[in-house]
Amino acid sequence: MALQSRMTVYVAIAGVLALMGVIVFYASLDNVHLEQAEIELFSVELIDVDNVNNKAKFDVTFLVKNPSEKAFTVGVIDYQLFTDGIELGSGQYSAMDVALPGRAVFSSGDQIPLSSIFVLTKSEISPEIYEDMINERIDSFSAEGLLTTQTSWSTIDKEFSTGF
């Protein structure tokens, strides 16, 4: 009798481990679709200039596209913003505090603009570039970073580099 109950416990443990393996395998099937997500820097627009604190706020918009057949959401876009090869700083779009069902869903073929506020501080870059930025004399930008896409089963981080 003791041997039979010990064998039942071993079979139950093996069954649970097998079930966990199937769940992990099933979740990894989404990764191919998530890796197909495309992102491009769409616009950088001046919102506000704070002359007292020497800071300027910009609206940075990325256009995210879903060429795959699997719907996904975007959790985070971490990026560094550049102009003419000079780093202006880093920024982030984040929807991680929003539950998955409440986020923008990228169905097959969808492209949706996602915006974030980028704060440029005069003391962190050259004064000439800061003045050109607040006077809207710069029209070429690039961004590098990490795009985090998610389905209900899987999350993937994809590096990107884009510009206009």
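Author: The model under discussion is a predicted one. The partner of Lys65 is Glu40, and the closest N and O atoms of this salt bridge are 3.2 Å apart. Glu40 belongs to strand S1, which covers residues 38-50, whereas Lys65 belongs to strand S2, residues 55-65; the pair therefore ties together parts that lie 25 residues apart in sequence. Glu40 has a relative accessible area of 31% and is likewise partly exposed.

In general terms, side chains of opposite charge can pair when their charged atoms come close. A search of the whole structure finds three salt bridges, and the pair formed by Glu40 and Lys65 is one of them.

Another salt bridge joins the side chains of Glu131 and Lys122, with a distance of 3.7 Å from N to O. That value falls inside the limit of 4 Å, so the pair is counted. Glu131 is partly exposed at 30% relative accessibility, and Lys122 is partly exposed at 28%.

A further salt bridge is made by the side chains of Arg137 and Asp132, where N and O are 2.9 Å apart. Here the two partners fall into separate classes of exposure: Arg137 has 52% relative accessibility and counts as exposed, while Asp132, at 26%, counts as partly exposed.

The chain exposes about 9,700 Å², of which carbon and sulfur atoms supply 55%. Buried residues make up 35% of the 164 residues.

As for the fold that carries the pairs, the chain contains three helices and eight strands. Among contacts with a separation of 6 or more, 64% are between residues 24 or more positions apart. The radius of gyration is 23 Å, whereas a compact globule of 164 residues would have a value near 15 Å. Along the principal axes, the C-alpha atoms fill a box of roughly 85 × 35 × 30 Å.

How values were computed
Residues are numbered from 1 along each chain as its sequence is written. This is a predicted model: local features need pLDDT of at least 70, side-chain atom pairs count only at pLDDT 80 or more; totals for chains, interfaces and linings use all residues. Side-chain values use heavy atoms; hydrogens and water are left out. Helices (H or I, at least four residues) and strands (E, at least two) are DSSP runs, numbered from the N terminus. The radius of gyration is taken over C-alpha atoms; the globule rule is 2.2 Å times the number of residues to the power 0.38. Buried means under 20% relative accessible area, exposed over 50%, partly exposed in between (1.4 Å probe, protein chains only). Contact means heavy atoms within 4.5 Å. Accessible areas come from the Shrake-Rupley method with a 1.4 Å probe; for residues, only the protein chains shown count as cover.
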